[in-house]
Amino acid sequence: MHAAEKLAGGIDAFTDLVGRITSWLALGIALVMGANVLLRYAFSIGFIWAQELEWHIFVPICLFGMSYALLHKEHVRVDVVFQYFSARNKRRVEILSALISMAFCLVVIRLSIPYVYQSWSIGEGTANPGGIDYRYIVKSLIPIGFAILFLQSLSEAIKSYLELRKA
């Protein structure tokens with residue numbers, strides 16, 4: 001097996017593991033949202049921390065789920081024109097897309113590091129009374145999520161390149 005194939009396989013396995021673990025948060029958010037709706041409309045009770053918990057759960061679902069979706073080809077892609085491309089041109093487009101994605105990830109990571117650092121340095125919490133503190137932990141998921149997307153985009157570029165060489 002080629003070293004690049006091993007690297008792509010390792011990245012894919014890591015992304016799949018992170019995605020499968022994160023997918024359990026979907027059950028958590030459904031339960032929290034369901035409880036919030038039930039309490040609010042049936043008993044006229046609401047908790048700020050419970051509403052904020054929805055966002056705290058939603059963040060890793062989105063940030064880690066985007067890499068998982070890319071791995072399993074569940075991401076949004078415009079196939080109107082793509083479907084008519086030759087196999088070689090499809091691989092070229094996929095390589096270019098992966099490179100653009102990697103560049104975008106690097107920009108987001110670079111811009112988010114000072115944002116996260118500032119949040120950690122002030123011990124940022126909620127502005128709402130009765131809300132969830134430790135907002136800086138949730139913000140830390142931004143560069144982590146985009147680092148995983150960078151790795152998965154790299155894996156996609158490697159796989160497309162190897163397929164292009166075979167074609």
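Me: What makes the pairing of K159 with E156 a salt bridge?

Reply: A salt bridge is a side-chain nitrogen of Lys or Arg within 4 Å of a carboxyl oxygen of Asp or Glu. In K159 and E156 the closest N and O atoms are 3.0 Å apart, and this pair therefore meets the 4 Å limit. The model is predicted, so local features need pLDDT of at least 70 and side-chain atom pairs count only at pLDDT 80 or more, whereas totals for chains, interfaces and linings use all residues. Numbering starts from 1 along each chain as its sequence is written, and side-chain values use heavy atoms, with hydrogens and water left out.

Me: Where do K159 and E156 lie, and how many residues apart?

Reply: Both are in helix α6, 3 residues apart, which is about one turn of the helix. A helix here is a DSSP run (H or I, at least four residues), strands being E runs of at least two, and the numbering goes from the N terminus.

Me: Why is E156 called buried and K159 partly exposed?

Reply: Buried means under 20% relative accessible area, exposed means over 50%, and partly exposed is in between (1.4 Å probe, protein chains only). E156 has 9% relative accessibility, so E156 counts as buried. K159 has 22%, so K159 counts as partly exposed. Through shared partners, salt bridges also join D12, K73, E156 and K159 into one network.

Me: How many salt bridges does the rule give in total?

Reply: The count comes to 8. Side chains of opposite charge can pair when their charged atoms come close. Among the 8 is the bridge between D16 and R20, at 2.8 Å from N to O. D16 and R20 are 4 residues apart in helix α1, so about one helical turn separates them.

Me: What are the burial classes of D16 and R20?

Reply: D16, at 18% relative accessibility, counts as buried. R20, at 47%, counts as partly exposed.

Me: What makes R91 and E94 a salt bridge, and why are R91 and E94 placed in their burial class?

Reply: The closest N and O atoms of R91 and E94 are 3.0 Å apart. Both residues lie in helix α4, 3 residues apart, about one turn of the helix. R91 has a relative accessible area of 16%, so R91 is buried. E94 has 19%, so E94 is buried.

Me: Which residues have the most contacts inside the largest nonpolar core, and how many residues does this core have?

Reply: The core has 13 residues, and L63, F64, C105, F146 and L149 have the most contacts inside it. A nonpolar core is a set of buried Ala, Val, Leu, Ile, Met, Phe, Trp, Tyr and Cys residues joined through side-chain atoms within 4.5 Å. Helices α2, α4 and α6 each give two or more residues to this core, and the largest share, 5 residues, comes from α6. In soluble globular proteins, nonpolar side chains tend to be buried together.

Me: What does L63 touch beyond four places in sequence?

Reply: L63 touches L141, I142, G145 and F146, where contact means heavy atoms within 4.5 Å.

Me: Which residues does A4 contact, leaving aside neighbours within four places in sequence?

Reply: A4, in helix α1 (residues 3–43), is in contact with I158 and L162. The C-alpha atoms of A4 and L162 are separated by 8.5 Å, although the two residues are 158 apart along the chain.

Me: What makes a space in this model a pocket, and what is the volume of the largest pocket?

Reply: On a 1 Å grid over the protein atoms alone, a pocket is an open set of points with protein on both sides within 12 Å along at least five of seven lines, whereas in a cavity a 1.4 Å probe fits but cannot get out. Grid points are joined across faces, edges and corners, and a volume is the space filled by probe spheres set on the points. The largest pocket has a volume of about 410 Å³. Of its 19 lining residues (those with an atom within 4 Å of a point), L70, H75, R77, S97 and A98 are the closest to its centre. The largest share of this lining, 5 residues, comes from α4.

Me: What is the volume of the second largest pocket, and which element gives the largest share of its lining?

Reply: The second largest pocket has a volume of about 150 Å³. Helix α2 gives the largest share of its lining, 4 residues.
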